[in-house]
Amino acid sequence: MGPLKGIKVIDMTTVLMGPYATQMLGDYGADVIKVESLDGDVTRLIGPMRHAGMGPVFLNTNRSKRSICLDLKKPAGREAVLRLLKDADVLVYNVRPQAMARLQLGYDVVSAINPRLVYAGVFGFGQDGPYAAKPAYDDLIQGATALPALMAQTGDGVPRYVPNALVDRIVGLTAVGAICASLVHRDRTGRGQRLDIPMFETMAGFVMGDHMGGLTYEPPLDKGGYARHLSRDRRPYKTSDGYLSVIVYNDKQWENFFKATGRDDLRTDPKFATFAGRAANIDVVYAELARIFETRTTAEWIDLLTKADVPVMPMHDLASILHDPHLEATGFFPVVMHPTEGPIRSMKVTATWSETEAEPVRLAPRLNEHGAEILREAGYSAEEIAAMVRDGVTRDAPE
């Protein structure tokens, strides 16, 4: 009974960015119908997996959805999508708008059938610039928005991508906010609208919000960049037996740190004594912290800093985070029983509501698992569905 109960979403997205956004809408209570090709979303093929077509990336990005497969290049497949859209609230797609136009599913066509529809596109670039028709992927947008250059500046000088589909997930989150805002507008006015959520512009704002620096001013005051983020010693600290994540940030935390470590000498050092002094000498500050943290074990530091109210967290890896005591206590990684994949580790919906609590309504579907059911809801008869299977417009339900 999530906050989006009663909202119908037609999900024409693949890979990660769009499916991540529509999974959140489904987790929040929307009825999400995932329209796949006859071969299915390509992330179904990314292993390891127990059964073909049910890989972990797909399982973790497509829960709370129903699946139907349709060949949209065939007139009957396009007609089926248009029937689904007649009473839908939201359409989400992540191909270029030119591709939607070639399928005769552009906003002009779809809005004429359903003027209340929120028509949301998540794709590479804004449509009023020279990159409008270019393809885009997470890696390309990371590079184009300076993230590898920043990684090189803070590391060994070699540009690297962030080891996470950062762009896809940030743009997906941005899309969820834009869609929900558009639904509020639709409820106030009765009118839907077209939404374009471009990857490049979204990430340019995301990165430069931190690193615009002196480039904010005209003429520029410096070459940009947030000095604390760009310090080479801004990293997990090495202890005598491992690593630790610590940030000593405000004056109160530094005072507590001086007392806990007995470093009265730093309290009177102008490089450490004030926020302005630390900001101007951040490399010196972080380098000294690195030397200090090597003197004790990780457990000793966690105990000492926790008692001193200095922000500290363990540095997890992909295995140890599953056993973090806080995440275990909150049940963040529940093991659930998938109807075909058996026990799988899932993740909780992170937001909570006092009145409309949201939970995943179903686990990730097999390809076309709900195809016949969805077509029946759209008014197709058993004979018409059988003909669509025979003509290669859709497939039989999976066994």
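Biologist: What angle do helix α1 and helix α8 make where they pack?

Modeller: In this predicted model, α1 (residues 17–27) and α8 (residues 166–189) pack at about 45°, with their axes 8 Å apart. Axes are lines fitted to C-alpha atoms, for helices over the stretch in contact, and angles run from 0 to 180 degrees between N-to-C directions.

Biologist: Why is α1 called oblique to α8?

Modeller: Because of that angle, α1 is oblique to α8. Under 35 degrees would be roughly parallel, over 145 roughly antiparallel, 65 to 115 roughly perpendicular, and the rest oblique.

Biologist: Which residues meet there?

Modeller: M17, Y20, A21, M24 and L25 of α1 meet residues of α8, among them D168, R169, G172 and I179; contact means heavy atoms within 4.5 Å.

Biologist: What classes of residue make up the contact of α1 with α8?

Modeller: There are 11 nonpolar, 1 polar and 2 charged residues. Ala, Val, Leu, Ile, Met, Phe, Trp, Tyr, Cys and Pro count as nonpolar, Asp, Glu, Lys and Arg as charged, and the others, Gly among them, as polar.

Biologist: Happy with that! What share of the protein counts as buried?

Modeller: Of its 399 residues, 43% are buried, meaning under 20% relative accessible area with a 1.4 Å probe, protein chains only.

Biologist: And how many helices and strands does the protein have?

Modeller: The protein has 19 helices and 11 strands, where helices (H or I, at least four residues) and strands (E, at least two) are DSSP runs, numbered from the N terminus.

Modeller: Local features need pLDDT of at least 70, side-chain atom pairs count only at pLDDT 80 or more, and totals for chains, interfaces and linings use all residues. Residues are numbered from 1 along each chain as its sequence is written, and side-chain values use heavy atoms, leaving out hydrogens and water.

Key. Buried means under 20% relative accessible area, exposed over 50%, partly exposed in between (1.4 Å probe, protein chains only).
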